[in-house]
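This briefing is meant for someone meeting the structure for the first time. Please look over the sequence and the model before reading the points that follow.

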Amino acid sequence: MAESIGSTGRRGTTLRPLIAGLYEDGKSLSEVGAITGLHRGTVRYHLRQMGLERRPQLEALRAAGGRISQRLRGRRSPNYKGGRTHQSDGYILVHMPGHPRTDKSGYVFEHRLVMEKAVGRLLSQHEVVHHRNGSKGDNRLENLELLANHGEHLARHGHLKGSHHGN
Ligand SMILES: [Zn+2]
């Protein structure tokens, strides 16, 4: 039977660059799945389609280091808030120890994550995700805009001077 890439294509095809990037960063199939929102079997399918060899389990575990057991401890901790937290300045952080751009505690900005899923790749350090309505906790994709650098971001805020856009 001939394979069609159209409507019968597997979920997550547009996420392939992100999947490949995360996997090559040493993330396990499960971690890549958690970040992309795909089942680990689907992640494995896309890696095979891209010609990326599946790492032996042991190597993936080693690549993940101690973070796996750390995360389990975190989930059992009474302070665990479902992996989502508000920063004092209004941004939402997501606990995602497998992501390559976390802070020391394993958190990433939710608005950057939403944009990464939308564009299907990791954002560079220079790229900025702007909140159109000024609400830093409103991470619906339609409220987010990807800008190439801080200069573009500043320009965007300049245009909004005097509006309700808070900063
Ligand atoms: Zn902004």
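This is a predicted model: local features need pLDDT of at least 70, side-chain atom pairs count only at pLDDT 80 or more; totals for chains, interfaces and linings use all residues.

Just after helix 3, Gly-51 adopts a positive phi of about 75°.

**Helix 3**
- The buried residues of helix 3 are Thr-42, Val-43, His-46 and Leu-47, and because they cover an arc of only 140° around the axis, they lie on the same side of the helix.
- In an α-helix there are 3.6 residues a turn, so residues three or four places apart point the same way.
- On the face of helix 3 turned away from its buried side are the exposed residues Gly-41, Arg-48 and Gln-49.
- Helix 1 and helix 2 are among the elements that cover the buried residues of helix 3.

**The nonpolar core**
- The largest nonpolar core comprises 18 residues, and those with the most contacts inside it are Ile-19, Leu-22, Val-32, Val-43 and Val-108.
- At least two residues of this core come from each of helix 1 (16–24), helix 2 (29–36), helix 3 (40–49), strand 2 (92–95) and strand 3 (107–109).
- When neighbours within four places in sequence are left aside, Leu-22 is in contact with Lys-27, Val-32, Ile-35 and Pro-100.

**The loop between helix 2 and helix 3**
- Gly-37 is located in the loop between helix 2 and helix 3, and Gly-37 counts as exposed because it has 12 C-beta neighbours inside 10 Å.
- Although Gly-37 and Lys-117 are 80 residues apart along the chain, their C-alpha atoms are separated by 8.8 Å.

Note on methods. Residues are numbered from 1 along each chain as its sequence is written. A nonpolar core is a set of buried Ala, Val, Leu, Ile, Met, Phe, Trp, Tyr and Cys residues joined through C-beta atoms within 7 Å. A residue is buried if 20 or more other C-beta atoms lie within 10 Å of its own, exposed if 12 or fewer, and partly exposed in between; C-beta atoms are placed from the backbone. Helices (H or I, at least four residues) and strands (E, at least two) are DSSP runs, numbered from the N terminus. Two residues are in contact if their C-beta atoms, placed from the backbone, lie within 7 Å. The arc is that of the directions from the helix axis to the C-beta atoms.
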